[in-house]
Amino acid sequence: MGSCLGSSGKADLPHDQRGGGDGMQIAGSVAVITGAARGLGRAFTEALLARGAKVCIADIDKEAGAVTLQDLQAKYNPDNVIFVDCDVTKDEAFKGAWEAAVERLGPVSLLINNAGIGNEQNWQKTVDVNLGGCIRGTLLGLEKMGINKSGAGGVVVNISSITGLKAAPLGPVYASTKHAIVGLTRSLGSEFHLKYSGVKVQALCPSLVKTDLLTNSMKNAFSPEVATAMANLAASIKDMSAETVAEALVKLLEEGRNGACLVVAAGADPFYVDAPIPS
């Protein structure tokens with residue numbers, strides 16, 4: 001999920017000056033997207049389906065997943081999209097979703113770790129879902145797609161947030177998980193790992209998107225004072241559509257920069273942000 005706990009904008013973020021890489025061929029690919037029953041995940045699914053990919057919607061919300069599956073099967077080739085119940089905090093559930101995708105759609109070449117929550121009152125769950133789910137998925141992607149593990153290579157995209165690149169006083173736990181996701185992405189998205197795994201690791205860092213995540217985050221805010229501040233922020237800040245974030249995902253995939261963090265903010269073109277200290 002994207003950011004709901006920090007302001008939008010790109011002030012003070014150092015732009016990535018690196019050149020591009022070899023982009024991914026979306027048409028004909030098979031993707032697993034976690035947290036794809038609604039919000040950003042659903043928008044990502046539709047963007048990929050529209051470009052000729054096959055997608056496994058992996059989500060713990062069976063009811064929303066069934067509705068999304070029905071909608072998308074009616075709009076696109078019904079054989080190109082499936083739903084699988086998946087709890088990203090469980091190894092076997094994640095592996096089961098991957099295996100179902102391979103069995104019903106073909107070899108997976110793209111994993112999008114999108115599942116996320118914003119619950120400052122239950123910090124352990126937030127860490128388990130946001131960070132644990134990303135680590136679990138990324139390691140599974142390396143195991144299944146790595147050319148050093150008899151795979152054919154591929155791409156992992158971790159959905160972080162603009163709060164993973166700057167301070168976020170309204171969501172310190174959420175922001176901590178998103179900072180860690182950026183660190184995971186930059187560390188595994190290095191040429192050192194790519195040369196033997198053949199798997200690129202990238203991150204997408206959206207600013208405020210008004211999805212269910214925002215509403216739920218306000219209900220489970222860090223404190224009453226934060227809840228009030230979040231309500232004021234949500235009412236005043238310029239938000240983005242999930243479709244705008246999905247277009248940035250396509251840009252990230254097609255430009256193919258390994259280890260890259262692409263920021264997408266309302267009213268601005270997407271831009272890459274480099275690490276403050278080069279590795």
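**A mixed sheet, its helices and its salt bridges**

Q: In which sense do β7 and strand β8 (residues 271-272) pair?
A: Strands β7 and β8 are joined over two bridges. Two strands count as paired if DSSP finds at least two bridges between them. The sense of the pairing between β7 and β8 is antiparallel.

Q: What pLDDT do local features need in this model?
A: Residues are numbered from 1 along each chain as its sequence is written, and side-chain values use heavy atoms, with hydrogens and water left out. This is a predicted model in which totals for chains, interfaces and linings use all residues, side-chain atom pairs count only at pLDDT 80 or more, and local features need a pLDDT of at least 70.

Q: How many strands are there in the protein chain?
A: Helices (H or I, at least four residues) and strands (E, at least two) are DSSP runs, numbered from the N terminus. The protein chain has nine helices. Its strands number eight.

Q: Which strands are the edge strands of the sheet?
A: The open sheet has the order β3-β2-β1-β4-β5-β6-β7-β8, with mixed pairing. An edge strand pairs on one side only. The edge strands are therefore β3 (81-85) and β8, given that strands of a sheet pair through backbone hydrogen bonds, either parallel or antiparallel. The two names asked for are β3 and β8.

Q: Are the residues of strand β7 (residues 261-264) buried or exposed?
A: Cys261 and Val263 point one way from β7, while Leu262 and Val264 point the other way. A residue is buried under 20% relative accessible area, exposed over 50% and partly exposed in between (1.4 Å probe, protein chains only). Cys261, Leu262, Val263 and Val264 are all buried.

Q: Which residue in β7 is the bridge partner of Ala203?
A: Strand β6 (residues 199-206) pairs with β7 in the parallel sense over four bridges. Cys205 stands opposite Val263 in β7. The partner of Ala203 is Cys261.

Q: What angle does the direction of α9 make with that of β6?
A: Helix α9 packs on the sheet, touching β4 (110-113), β5 (154-159), β6, β7 and β8. Contact means heavy atoms within 4.5 Å. Axes are lines fitted to C-alpha atoms, for helices over the stretch in contact, and angles run from 0 to 180 degrees between N-to-C directions. The angle between α9 and β6 is about 155°.

Q: How far apart in sequence are the parts that Glu46 and Lys75 tie together?
A: A salt bridge is a side-chain nitrogen of Lys or Arg within 4 Å of a carboxyl oxygen of Asp or Glu, and the side chains of Glu46 and Lys75 meet in one at 2.5 Å, N to O. Glu46 lies in helix α1 (residues 39-50) and Lys75 in helix α2 (residues 62-75), so the pair joins parts 29 residues apart.

Q: Which residue forms a salt bridge with Arg51?
A: The closest N and O atoms of this pair are 3.3 Å apart. Arg51 sits in the loop between α1 and β2 (54-59), 196 residues from its partner in helix α9 (residues 242-255). That partner is Glu247.
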